[in-house]
Amino acid sequence: RTLILHAPSTENGPSLHRLLVSTMFLLASTFLFSTLLSVVHAEERLVFAQTLWRHGLRIPTSTYASDPYQESFWGVPWGELVTRGMEQHFEQGQRLRRRYTEETGLLPTKYSRYDTYVRSADMSRCIESAMSNMAAFYSDSPTFPSDKNGWPSGWTPVPVHTVPHDEDRELEAGVKCPRVDQLKKAREKLPVFQDFLASKWALFATINANAGEDFDVSMKTIYHFVDILKVERDDFNLTMPDWVTDEFYYNLTRAYYEGYDFTEGAAGFGVPEDTEILRLRGGFMLKEFIDNMNDVVNNATTNTYAAYSGHDSIVRALLLSLHVKDVTVGPGNPDYASTISCELWMRNQEYYVKMLYAPNFESDLIDFTSFLPMKCVDGFCALSDFLNYTALYIPNGAEDCNKQ
């Protein structure tokens with residue numbers, strides 16, 4: 001049979017003719033638009049994503065002698081993830097699932113180790129956060145014994161890989177790295193930073209008069225107390241000792257905001273950045289991201305998603321090495337369950353990088369690609385430009401940590 005397209009008849013008058021022509025034009029335009037849209041989508045697609053997050057809410061990792069909230073108060077070991085922290089990562093996992101299975105179609109809802117790789121720092125709170133996140137990410141996966149009485153509904157056990165703590169340079173920023181310890185001490189001893197610490201004498205005097213033990217004048221002391229008091233005061237709303245007044249706490253956190261990034265290698269106090277510190281703290285994780293993308297480009301992996309579960313220290317270090325911490329986190333600390341996403345896109349047969357950040361478990365990923373210090377167009381940075389820029393912050397290997 002042959003399908004013959006006839007020209008529209010005009011026997012019912014010009015108005016009908018115009019109506020038919022208009023209808024055909026509308027249909028043709030719709031078809032053309034749909035075709036063009038399909039071409040655009042075909043030329044722009046997500047091919048790989050990798051995320052790095054901070055663990056969920058935890059109790060303090062240690063305390064001070066006179067703290068009324070000793071380890072026995074918490075009922076779990078120091079630094080342990082609490083149930084709210086598990087919930088935070090479950091919610092973050094739901095958000096990541098929406099982006100990478102529903103919105104972008106990067107992954108199927110069914111778990112496969114050929115698609116997804118998960119690695120955690122070798123700390124309980126990080127491993128538990130990864131498990132909580134994956135429980136939500138693959139809650140729709142049909143890969144669990146649905147007919148087994150008592151099996152958690154919708155839960156597929158997703159493997160979480162680890163590296164021994166002292167060998168994990170990617171997720172434990174600066175671990176077992178004498179060179180970075182040396183550089184940080186030298187940076188803190190600079191006269192301009194010593195003047196800064198001296199200006200905070202009242203904080204150290206208050207601490208040493210009330211803590212029940214002596215603490216030195218250092219950024220380490222400031223961080224120690226900020227970390228403890230934030231958890232107790234802000235996260236768990238506990239009653240503070242009389243000496244921890246609102247004014248003291250405000251001044252303590254302000255000192256932390258002003259000085260901590262500087263000791264981690266960022267520019268400040270009229271002193272340029274210490275590129276070597278940034279390289280030795282965040283560079284190993286940055287190299288992991290780059291190696292993963294190169295594997296995709298070279299067809300050396302089947303994975304389309306890699307997830308890393310770590311600490312605020314590595315999230316901070318990576319953002320500092322990319323020079324975007326100020327625009328993503330600000331002067332403070334990455335929040336619980338905050339997440340960096342590094343996406344590899346294919347556009348017009350070329351590879352591009354897109355960077356996103358979720359500041360907490362309640363927020364979707366926010367695109368910060370345009371803030372990267374390199375040429376990016378329409379929210380995409382050419383992979384080649386990304387590799388060229390980051391080369392300065394990639395260590396040669398573990399031997400860099402043993403330089404003198």
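Me: Leaving aside its neighbours within four places in sequence, which residues is Asp261 in contact with?
Reply: In this predicted model, Asp261 contacts Ala266, Arg316, Leu320, Lys325, Gly330 and Pro331, where contact means heavy atoms within 4.5 Å. Residues are numbered from 1 along each chain as its sequence is written. Local features need pLDDT of at least 70, side-chain atom pairs count only at pLDDT 80 or more, and totals for chains, interfaces and linings use all residues, while side-chain values use heavy atoms, with hydrogens and water left out.
Me: And is Asp261 buried or exposed?
Reply: Asp261 counts as buried because its relative accessibility is 9%; buried means under 20% relative accessible area, exposed over 50%, and partly exposed in between (1.4 Å probe, protein chains only).
Me: Moving on, which helix holds Asp312?
Reply: Asp312 lies in helix H11, residues 312-321. Helices are DSSP runs of H or I with at least four residues, numbered from the N terminus.
Me: What does Asp312 touch, not counting residues up to four places away in sequence?
Reply: Asp312 touches Arg54, Tyr223, Asn333 and Pro334.
Me: What is the mean pLDDT of the chain?
Reply: The mean is 91, and 90% of the residues reach 70 or more; pLDDT is the predictor's confidence in each residue, from 0 to 100.

Key:
Helix = DSSP H or I, 4+ residues; strand = E, 2+ residues; numbered from the N terminus.
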